[in-house]
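Please read the following report alongside the sequence and the model.

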Amino acid sequence: MEDNNEKGRDEIYSERVKAGKRTYFFDVKATRSNDYYLTITESKRKPKDDGFFYEKHKIFLYKEDFNKFVNALNSTVNHVKEELMPEVDFTQFDRDNHEEPAVANADVSDSDSDLKWD
């Protein structure tokens, strides 16, 4: 595992989402110049020889793209929910939504279904 402090990328905030065989990590990091960005990591446990390893895929999201990213994600999810699968009650998948984040979280309302970036 790389040491973020040596590379000037201090982790400011982290949220973990367990999703079956996958885990998603949403991490806010700081550059040396105190600029902030988000990394989204998908981690999947896979078998290897007598043990296992984690296959990881990472997206770096910079502040200038936050709003565009969130708008596209919300639009896409809403399209699936409202147009492609309106008969599905998506609240049935909310079983693990009450986990505490790894670092203090900003106030977010449970009733607010859209992602927000301030």
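## Confidence of the model

What is the mean pLDDT of the chain, and what percentage of its residues reach 70 or more? The mean is 81, and 71% of the residues reach that value, pLDDT being the predictor's confidence in each residue, from 0 to 100. This is a predicted model, in which local features need pLDDT of at least 70 and side-chain atom pairs count only at pLDDT 80 or more, while totals for chains, interfaces and linings use all residues. Residues are numbered from 1 along each chain as its sequence is written, and side-chain values use heavy atoms, with hydrogens and water left out.

Over residues 100-113 the pLDDT is below 50. Where pLDDT is low, the predicted coordinates should not be read in detail.

## Salt bridges

The structure holds 4 salt bridges, each defined as a side-chain nitrogen of Lys or Arg within 4 Å of a carboxyl oxygen of Asp or Glu. One of them joins the side chains of arginine 22 and glutamate 42 at 2.7 Å, N to O; arginine 22 belongs to strand S2 (residues 22-30) and glutamate 42 to strand S3 (residues 36-48), 20 residues apart, where strands (E, at least two residues) are DSSP runs numbered from the N terminus.

Another salt bridge, also given as 2.7 Å from N to O, pairs aspartate 35 with lysine 63. Aspartate 35 sits in the loop between S2 and S3 and lysine 63 in the loop between strand S4 (51-62) and H1, so the pair ties together parts 28 residues apart in sequence.

How values were computed:
Contact means heavy atoms within 4.5 Å. Helices (H or I, at least four residues) and strands (E, at least two) are DSSP runs, numbered from the N terminus.
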